[in-house]
Amino acid sequence: MILDVRCVSNPSGPCVETHRVDRGATVRVSGRNLGRAAQLLFYGARGARDDALVPVSAHTPGSATASVPDPARSGPVAVLDASGRRSLRWTGLVLDDPLREFGTYQPLGAPSPVRVAVSKPRRIYYGGAQKAVFTYDVVGAGAMDLRVNLVRTSDGQIVQSWDRPASAPGTPSRVIWSGSVGGRAQAEGRYAFRISALGASPAALRSAPSAPDDESVSLYGHVFPVRGGHDFGSGAARFGASRTGHTHQGQDVMAACGTPLVAALGGTVKFSGFHSAAGYYVVIDGKGTDVDYAYMHLRQRAAVQVGDRIYTGQDLGEVGDTGDAVGCHLHFEEWSAPGWYDGGRPYDPLPDLQRWDRTS
């Protein structure tokens, strides 16, 4: 089982970002039961046409190492053993393409232009494996003292800045942003990277003409957990619906058995196991929140264990009908602090689920 895939080294030098690699890079897979790992499979887009296999160069029970082949494309990754059995897919690794298209503009207060680009994907999730990578390169003949500002486009507010003294021409530099500032998730929306001369006033920057919008990224807080066709069922599926001896503490999401199931928000696995009513289930302490998220009636044991730290959108397993379930569905719960059956209270998750469904 795969818990993470990280860049170890790129052919041209150090890794730009943990989950972003060049072709020819060395990656390390971490997880469990990897002692028999024989190959690493890069799925690429849907369909087998662009699948790429590469032998594992080294492995232990908890890790495997391989090189990224030239035909590989961004997409899920899986480990195969010698008999061809595949692990669950792990999503979150991006194969970088050269940044061919730069926008060029004159930063506020700077003596010469700067070329800028934001790498794909342009949509990131708080707690997800992917981060925003902003690249810039001085065009002029001399070094410049620059500041990279992260601006919330809805109101022009600068939420974070990075000072870059003596940025030299012809030497691309990068800023990496995870969706948080000071360890706190930022509001969902669009955020733009803007460059100014070091010392330019924030007020002047906010009133200055904007750079092209392709220097921006969209930040989202959650992923809808069911990754396939679904609906929210009838009134009996709702939070608070009557049950024998109790009321329904979550929202049911009806979907075919075997539909992929992912973490709506990353965090730390708090519980994982089997219960006669819940079936196979997993509870996650949400990253940067006071909320616990519970996923029940999984088809089989969850792909994670207690204590695992996982990313937003990471595979948990598949929709099932284990336990006291009528038909295939995900029973999803949200609990307030201090947590699931730990002093917290369940509340209606339907508004959140509907919002995440619209955006992911």
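Two strands count as paired if DSSP finds at least two bridges between them. I keep that rule at hand for this predicted model.

**Sheet entry.** I looked up strand β4, residues 37–42, and found five bridges joining β4 to β8. The two strands run antiparallel. Within this pair, I see Phe42 opposite Val77 of β8. I then followed the whole sheet. It is open, has three strands in the order β5-β4-β8, and pairs antiparallel. I noted β5 (52–55) and β8 (77–81) as the edge strands, each pairing on one side only. Neighbouring strands here are turned by 30° against each other on average, direction ignored.

**Ser180 entry.** I found Ser180 in strand β17, residues 180–181. Ser180 counts as buried because its relative accessibility is 15%, and the cut-off is under 20%. Its side chain makes a polar contact of 3.1 Å with the side chain of Ser178. Leaving out residues up to four places away in sequence, I list Tyr126, Gln160, Ala185 and Gln186 as touching Ser180.

**Backbone entry.** Most peptide bonds are trans, and most residues other than glycine have a negative phi. I checked for exceptions.

- Lys120 and Pro121 are joined by a cis peptide bond, omega about 0°. I place Pro121 in the loop between β11 (114–118) and β12 (123–125).
- Ala337 to Pro338 is also cis, with omega near 5°. Pro338 sits in the loop between β30 (329–335) and β31 (346–347).
- Tyr341 lies in the loop between β30 and β31. Its phi is positive, about 50°. I log Tyr341 as exposed, at 56% relative accessibility.
- His297 has a positive phi near 70°. I find His297 in strand β27, residues 292–298, buried at 6% relative accessible area.

How values were computed
Residues numbered from 1 in each chain as written. Predicted model: local features only at pLDDT ≥ 70, side-chain atom pairs only at ≥ 80, totals over all residues. Heavy atoms only, no water. Helix = DSSP H or I, 4+ residues; strand = E, 2+ residues; numbered from the N terminus. Axes fitted to C-alpha atoms, helices over the stretch in contact; angles between N-to-C directions. Buried < 20%, exposed > 50% of the residue type's maximum accessible area, 1.4 Å probe, protein only. Polar contact = N/O pair within 3.5 Å; in protein donor to acceptor, adjacent residues only side chain to side chain. Contact = heavy atoms within 4.5 Å.
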